[in-house]
Amino acid sequence: MAVPSLISTRRFSAATRLRLQLAFARALEALADTYKFEAAEFVRRLKSRLSIEEALERYFREVGVPAAIEETVRCRALISLAGLIENTPRPEPQASSWAILHPLDALRRRMQHVEATNLDCLLAASMSDEAVAITHVRSALETAEVLADEATPDEAIMHYVRTFNLPALDGQVIFRKAMAQWAELHPLPGEAQAFVRGPAAAVAGRPRLEPRARSEFGLRVMV
């Protein structure tokens, strides 16, 4: 992901361009906050297997934080981990625990340790990826709201995906999730009653959806 380019907003009116720039600035800030929180959580989850420094470096390798905000994320994550860092005891020189075992036992246990660590990293990174996707979807929906008078929802969401230069697979996932949420928030006439009568209506606390006009969808390529 790259820092969003504002060149592609020139097709819109001046007022819309300004609101769009604000939406993209909020999106970038929200992404930095999400990555910061997830990086700190990654370190906490792996603290029994990796040192703080090792876990933080592993997070950046596993998740692939955009280079444009990597240093910002690192600084914010370290600040949020201040308590953990300050309370970490200084290591004392000692013989490796593997050295006192038979060579084959040491090798087997080390392999098990590495495999378990890799699995824990994968699980933690997957949780981070999901949180980042949720942040992207939220920002994509805000973009669609900003462009509601000048672009169809699918065009607006795709504009967000392209502006942030998301990888093809990630972009497709974000696009589909954002479209699904937009459809739920903007049902066609008669759909709201179907939602209320459906199985989901039995979920306690779920708000009743009121019919709202839904924009027509377009297939124009945005440039």
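Is Glu29 buried, exposed or partly exposed, and what is its relative accessible area? In this predicted model, Glu29 has a relative accessible area of 39% and is partly exposed, because the value falls between the 20% limit for buried and the 50% limit for exposed residues.

Of its 223 residues, 35% count as buried. The chain exposes about 13700 Å², and carbon and sulfur atoms supply 58% of that area. Contacts tell a further part of the story: among those between residues at least 6 apart in sequence, 71% join residues at least 24 apart.

Buried positions in α2 are Ile52, Ala55, Leu56, Arg58, Tyr59, Phe60 and Val63. An α-helix has 3.6 residues a turn, so residues three or four places apart point the same way. The buried residues of α2 pack against α1 (14-45), α3 (67-80), α4 (82-86) and α5. After α2 comes Gly64, with a positive phi near 75°.

Salt bridges form the next theme. Side chains of opposite charge can pair when their charged atoms come close. Nine salt bridges are found in a search of the whole structure. One of them brings together the side chains of Glu29 and Arg76, at 3.1 Å from N to O. This pair links distant parts of the chain, since Glu29 belongs to helix α1 and Arg76 to helix α3, 47 residues apart. Like Glu29, which is partly exposed, Arg76 counts as partly exposed, at 26% relative accessibility. Asp33 joins Glu29 and Arg76 in a network of salt bridges.

A second bridge of this kind connects the side chains of Asp120 and Arg49, with an N to O distance of 2.7 Å. Asp120 lies in helix α5 and Arg49 in the loop between α1 and α2, so this bridge ties together parts that are 71 residues apart in sequence. Asp120 is partly exposed, with a relative accessible area of 27%, and Arg49 is also partly exposed, at 29%.

Finally, the surface of helix α5 deserves a look. Leu119, Leu122 and Leu123 make a nonpolar surface patch of about 290 Å². Leu123 is found in α5, which covers residues 103-146. At 49% relative accessibility, Leu123 counts as partly exposed, because a residue must be over 50% to count as exposed.

Note on methods
Residues are numbered from 1 along each chain as its sequence is written. This is a predicted model: local features need pLDDT of at least 70, side-chain atom pairs count only at pLDDT 80 or more; totals for chains, interfaces and linings use all residues. Side-chain values use heavy atoms; hydrogens and water are left out. Patches are made of residues with over 30% relative accessible area and no salt bridge: like charges are joined within 9 Å, nonpolar side chains (Val, Leu, Ile, Met, Phe, Trp, Tyr) within 5 Å. Accessible areas come from the Shrake-Rupley method with a 1.4 Å probe; for residues, only the protein chains shown count as cover. A salt bridge is a side-chain nitrogen of Lys or Arg within 4 Å of a carboxyl oxygen of Asp or Glu. Helices (H or I, at least four residues) and strands (E, at least two) are DSSP runs, numbered from the N terminus. Buried means under 20% relative accessible area, exposed over 50%, partly exposed in between (1.4 Å probe, protein chains only). Contact means heavy atoms within 4.5 Å.
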